[in-house]
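Please read it beside the sequence and the coordinates.

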Amino acid sequence: MSTTSRITLVMNLLPLLFSVALVGSVQCTVPLRSFKISENVTYDCIDIYKQPGLDHSLLKNHTIQMKPSLSRHELKNQTSNNKTYKKDIECPYGTIPVLRNTKEFNSKAQLLAAKYFNPLSADSPGTHIAGVKQHGGPYHGIEAKFNAYNLNIGEDQASYSQMYLGSGHYGEVNFISTGMMINPGIFGDGRLWTYGFWMGKGGKGCYNMACPGFVQVSNVVPLVKPMYLKPGEPASLQWAIHQDEQTRNWWIIQMSPYTYIGYWPKELFYLMDNGATMVGVGGVVQASPSGLSPPMGNGKFPAKGPLRSAMFSNVEVLYSKYEKGKINAFPIVELLDSSRCYGLRIGKRVRFWTSPLGYFFNYGGPGGISCGV
């Protein structure tokens, strides 16, 4: 199996973990403060130096990096506004928010993840993708502005949008992705949630903070959180995955309002020390065991006009010398494995309000019972 096939296989297998990878961790210290933002969602403010992410065996001597080492203009938010953002969570200085969860669930999540997540196994049945990717590199990051919608998703289904990067070599794969997902079976509701995923040395990894590895540094913006939507309106996200030029850690950065959320330490990976060999964006769904595939995007096929379906725009990549460029500056590969149920449209955007020129990627579709294996 080629390296490209292995990395694509990782993308196909990601939904398998949705059934077991509920975010959170067991708090081993007494929280200094807690925030209950809805009936079933509570964040505990934990000492940043006692957070569960540092319990990984490869991080015994790790020193927390509080922010990226260089304030280069590539990492700065290009959007200037005076909008005030409501803060649902604001942990005291020196603490970070951790989604409350149970020991029993995390143990089960890690056990099932180790059992089912194997990048060399067969493709995941019922998984469908619509998006674009680029091979080559080395890539040191990817950034995008994208939206997602509330959808009617079954408890045994998943639908999400993601940006990702990774590398593969002789059967081993290192991989990072982040975005928004809907999975009632995990979260107990049909809301969109932000998420992060990593797979590193020895095929080990997990979603969010279901296992040690991710180091949270923001006291306001957690890696995983529910998105609050008005009826008929999409949720918008502008995040970035960037490799620090000095430490080689992989950062998750919220671009608006500009926030360093946290990072996966370089110690977790061995194929991405000098960057990744693939980057991409798109939508993914996981069908139920009955074969019924859920909707993707806004549940409609892409139509003429960038605002008529779910969209990725301003997709930019940090290339070999950390120079930023549009993903379409070099050849891209289109991914669409079920045109019967989903669609992909690539268009060039004219100057639109304050948005810059560039390409956009519309994706989505209604799903159905005959979308293919």
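1. Among contacts in the protein chain between residues at least 6 apart in sequence, what percentage join residues at least 24 apart? The share is 75%, where a contact means heavy atoms within 4.5 Å.

2. The model is predicted: local features need pLDDT of at least 70, side-chain atom pairs count only at pLDDT 80 or more, and totals for chains, interfaces and linings use all residues. Residues are numbered from 1 along each chain as its sequence is written, and side-chain values use heavy atoms, with hydrogens and water left out.

3. The protein chain has three helices and 19 strands; these are DSSP runs numbered from the N terminus, helices being H or I of at least four residues and strands E of at least two. Of its 373 residues, 57% count as buried. Buried means under 20% relative accessible area, exposed over 50%, and partly exposed in between (1.4 Å probe, protein chains only). The chain exposes about 16,400 Å², of which carbon and sulfur atoms supply 52%; these areas come from the Shrake-Rupley method with a 1.4 Å probe.

4. In soluble globular proteins, nonpolar side chains tend to be buried together. A nonpolar core is here a set of buried Ala, Val, Leu, Ile, Met, Phe, Trp, Tyr and Cys residues joined through side-chain atoms within 4.5 Å. The largest such core has 66 residues, and I142, L165, I176 and W264 touch the most other members. Leaving aside residues up to four places away in sequence, W264 touches partners including I176, F197, W198, F214, L223, W250 and F269. Apart from this core lies another, of 24 residues, with C45, I89, I129 and Y195 among them.

5. Three strands form an open antiparallel sheet in the order β1-β2-β3, where strands pair if DSSP finds at least two bridges between them. β1 (33-38) and β3 are the edge strands, each pairing on one side only. Neighbouring strands of this sheet are turned by 25° against each other on average, direction ignored; the axes are lines fitted to C-alpha atoms, with angles running from 0 to 180 degrees between N-to-C directions. Five bridges join β2 to β3, and Y43 stands opposite L99 in β3.

6. How many salt bridges does a search of the whole structure find? There are five, a salt bridge being a side-chain nitrogen of Lys or Arg within 4 Å of a carboxyl oxygen of Asp or Glu. Side chains of opposite charge can pair when their charged atoms come close.

7. One of these salt bridges joins D44 and R100, with the closest N and O atoms 2.7 Å apart. The pair links distant parts of the chain, 56 residues apart: D44 is in strand β2 (residues 41-47), and R100 is in the loop between β3 (95-99) and α2 (103-116). D44 is buried at a relative accessible area of 3%, whereas R100 is partly exposed at 45%.

8. K324 and E143 also meet in a salt bridge, at 3.1 Å from N to O. K324 belongs to strand β16 (residues 324-326) and E143 to strand β5 (residues 141-148), 181 residues apart. K324 is partly exposed, with a relative accessible area of 27%, while E143 counts as buried at 5%. Both residues belong to a network of salt bridges that links E143, E316, K324 and K326.

9. D189 forms a salt bridge with R191, the closest N and O atoms being 2.8 Å apart. Are these two residues buried or exposed? Both D189 and R191 are buried.
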